[in-house]
Amino acid sequence: MELDTLRDADFSLLDEAVTDWSTLVKSLEELKKDAEDNLHKGANKADWAGVNAKASKEFIGKTAGEFADAHTQAKSIYQILSDTVGELKRYRRQLVDAIEVGRKKNLTVIGHEGGFTVTTNAPPEARGAMDQDNEGDITALRDEIQGILDKATESDNSARTVLQALADQSELGFSDARYADRDSAAEALRRADQLAALAKKDPDDLTVKDFDRINAGLKKYAGDELFAERFATTLGPRRTLEFWAGFSDPHRGNWELGRDRLDQFDDLQRSLGLTLANATQSDSAAMADWKRTMIDIGDKPVYGNQGGPMGFQVMSNLMRTGDYDDRFLKDYGTKLMATERKFTDNGDHENTAWRNSPATPPLNRIGEDSGTDPLTGYLKGLSNSPDAATDFFNQRFISKDDPDNPFERDTDGNGRKGKVSLSNFQYLFEERDWPQERDSKGDDLHTGQNNLALALEAATTGHPAGELPTPDTPAHNAGQTKLFESIVASISEDPERLTKSSYMSDSIGQIASEYLPDINRAATGVDPHPDEGNLDAQRAWEQTKNLYPIAGSAAEMNHRDASRFLFAVAQNPEGYAAVEVGQKNYMTNLMDYRLNPGLPERQHPHHDKELTVRSIAWNSGEVSGTLAMGRNEAVAARGVELDEQYGHSMTQWKNTVSGTIGLGVGIGTSFIASPVAGAVVGGTTGTVTSVVMEQFFKDLEGDAQGNAGPTMGENWENGQENNMKYTRQAASEAARAHNHANPDDVASWAQEESRKGFLSAGDYMERVVPELVTDI
């Protein structure tokens with residue numbers, strides 16, 4: 001900054017800007033509150049249907065979030081401008097004061113383009129005696145003024161850099177980067193430059209002190225948007241890969257670090273992954289180039305002509321933590337699967353290029369798998385990014401028209417096989433030869449398939465794997481339901497795809513629990529596509545749709561596939577628990593909802609209360625009966641020890657359900673029946689459910705304490721009795737809560753019909769799929 005610029009600065013415009021930003025912050029704070037309290041919460045309570053259920057609720061939620069981000073960004077800008085204007089005013093006062101002190105010493109300061117000069121204005125006759133003193137005063141004043149100008153320049157440049165970085169974070173909309181002052185934002189950028197410079201060093205040259213600085217810095221700043229973008233783009237994509245591969249490869253790495261800091265490599269991997277994930281959310285031009293280049297070099301050796309692991313192998317391991325940008329994940333996955341096709345001859349054999357061997361460096365430090373298969377880490381990344389996961393699994397892996405397609409199946413039952421198209425889901429779940437790995441005890445590892453299940457959970461439910469739906473979770477969209485239909489069809493076609501990989505069942509069970517309305521529709525056996533001329537069939541389907549309302553897209557499956565799917569899921573304790581607890585909760589909420597006399601007429605599927613109650617009880621009984629058969633099938637093979645695991649898995653849901661029962665997930669007539677989901681917002685929902693579920697878990701705990709190992713027949717009978725008990729209680733509590741005149745009659749209808757539905761599951765499975773069922 002030049003002397004005259006600072007000395008003659010007119011801060012009135014900047015003052016007005018600061019005032020305007022202050023006013024804007026206050027206005028946006030009010031808008032943010034209004035958007036959340038009225039717009040967002042109102043949308044979560046609204047009775048959406050049709051297209052609105054798919055689009056409007058999600059759009060309103062995102063719009064409300066934009067108000068919050070706008071407020072955050074405006075507040076950060078205001079703080080930065082306010083700090084900078086205050087500093088520049090202070091530096092101008094210091095400059096004017098310094099010049100005035102110099103004037104009293106007969107010194108004149110003259111500014112000019114590119115600098116300034118300090119001279120004496122003493123009369124010529126007086127200069128001789130004063131030369132020595134003048135020389136010292138001139139030097140001191142010059143240095144003082146230069147120091148002031150340097151600090152003013154730093155303040156101005158720092159503000160410009162930070163404001164530009166904030167603006168670059170989001171091409172459209174607003175960034176949620178939050179800074180209390182300019183210095184904290186500037187410090188984040190400074191630390192990013194420092195740590196990136198350290199990370200650029202040859203891993204052989206990194207000291208333990210360097211490692212500690214990088215590890216501590218990334219851990220502290222991984223969630224800072226400006227830091228993440230600056231660190232990633234300054235380090236660059238190739239050096240990012242070389243940095244992590246250098247730590248992992250004992251032949252290229254630093255023996256001192258391996259000796260003294262090996263136990264902290266997992267922390268570094270987590271923090272580096274979180275930092276890069278945060279960085280990919282930036283819309284800056286530099287970050288766009290970073291993402292594009294990272295994908296381009298994914299199928300190339302990290303060390304170029306010197307070989308080493310491929311870029312995909314290194315980068316995918318850094319995707320195990322953090323929420324990466326959806327567009328980046330989609331483009332990355334497209335190129336990754338193209339590379340998979342190349343190395344497997346379109347899936348015809350195992351990908352030996354990604355097989356673990358003694359010569360392969362351990363690229364993963366989180367868990368026991370080596371990290372050589374890039375799909376393992378990538379799928380874990382997808383499990384945190386539902387939209388990208390949905391897109392990835394529905395992408396085509398290979399077309400049936402591809403002349404090099406190795407996949408043939410008998411798709412029409414005529415005994416002749418033909419080429420088939422496969423999606424990424426079908427290839428990974430049904431056909432891929434996953435590289436074998438073992439843990440330190442010599443047991444097989446299935447990290448890749450486990451991560452596949454987690455990614456499928458995110459892709460079908462719309463929320464990250466391991467989490468539960470909330471009021472903000474959008475209704476299922478067409479891509480999600482298409483994938484769920486594929487999962488059901490695949491497991492129905494060959495249940496061993498799941499039962500022989502039972503470690504995937506916890507995620508598949510969670511998925512099923514969030515599609516219970518769709519599954520209950522299928523359990524009715526009603527054709528979702530009746531002939532136009534068949535009025536009875538059309539009426540039956542309309543009643544089924546109304547009985548089991550679904551906001552958003554509905555998954556369609558036939559009765560047989562749904563039953564075979566549930567039967568397979570239930571052969572794992574965690575899968576069974578997720579669906580059975582969810583079904584009890586869903587059934588109770590649905591009874592409560594349907595017996596509410598204030599329900600709009602258009603939402604009554606039957607104009608007969610008894611028929612409605614009996615229909616709910618029957619279908620719920622059949623779902624629970626099918627699950628009970630799956631449980632018995634597993635216990636028949638593995639005995640009492642497994643049966644005890646079933647009881648334990650069920651009780652694990654207690655604290656989760658107790659804390660959130662009655663939570664409205666979905667809107668109005670939207671039912672997402674996770675074990676913790678309530679049926680509807682408002683009314684008495686939650687009260688009825690709480691009573692029934694409290695008794696449900698109380699009975700489970702009693703069974704666990706007195707369990708002496710029941711036989712299969714006893715399990716079946718107990719399941720039937722319990723199902724009748726809770727269905728009766730749900731109907732009774734709902735009828736009483738809504739002041740029905742005959743609650744005991746309502747309870748009897750439910751009990752009687754639930755018994756029939758439960759028994760019908762056994763009859764149906766033994767009749768339609770006898771090859772799956774062991775006699776009870």
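I take a contact as heavy atoms within 4.5 Å. Helices (H or I, at least four residues) and strands (E, at least two) are DSSP runs, numbered from the N terminus. I call a residue buried under 20% relative accessible area, exposed over 50% and partly exposed in between (1.4 Å probe, protein chains only).

The model is predicted, so I used local features only at pLDDT of at least 70 and side-chain atom pairs only at pLDDT 80 or more, while totals for chains, interfaces and linings use all residues. Residues are numbered from 1 along each chain as its sequence is written, and side-chain values use heavy atoms, with hydrogens and water left out.

Entry: helix α16. I looked up what α16 (residues 386-394) packs against. Its buried residues are Pro386, Ala388, Ala389, Thr390, Phe392 and Phe393. They pack against α14 (326-344), α15 (374-382), α17 (424-431), α18 (447-461) and α19 (478-493), and also against the strand β6 (422-423).

Entry: whole chain. I noted 31 helices and eight strands. Of the 776 residues, 51% are buried. Among contacts with a separation of 6 or more, 77% are between residues 24 or more positions apart. The accessible surface (Shrake-Rupley method, 1.4 Å probe) comes to about 33,600 Å², and carbon and sulfur atoms hold 47% of that area.

Entry: positive phi. Most residues other than glycine have a negative phi. I found that Asn106 has a positive phi of about 65°. Asn106 sits in the loop between α4 (56-104) and β1 (107-112) and is partly exposed at 31% relative accessibility. Asn346 also has a positive phi, near 65°. This residue lies in the loop between α14 and α15, and I list Asn346 as buried because its relative accessible area is 13%.

Entry: Glu144. I placed Glu144 in helix α5 (residues 124-168). Glu144 counts as partly exposed because its relative accessibility is 43%.

Entry: negative patch. Which residues gather in a patch of negative charge on the surface? I found Asp527, Asp531, Glu532 and Glu556 there. Like charges are joined within 9 Å, with the charge placed at CG of Asp or CD of Glu. Asp527 is in the loop between α22 (516-523) and α23 (535-547), and its relative accessible area of 41% is why I list Asp527 as partly exposed.

Methods: Patches are made of residues with over 30% relative accessible area and no salt bridge: like charges are joined within 9 Å, nonpolar side chains (Val, Leu, Ile, Met, Phe, Trp, Tyr) within 5 Å. A salt bridge is a side-chain nitrogen of Lys or Arg within 4 Å of a carboxyl oxygen of Asp or Glu. Lys and Arg count as positive and Asp and Glu as negative; His and the chain ends are not counted.
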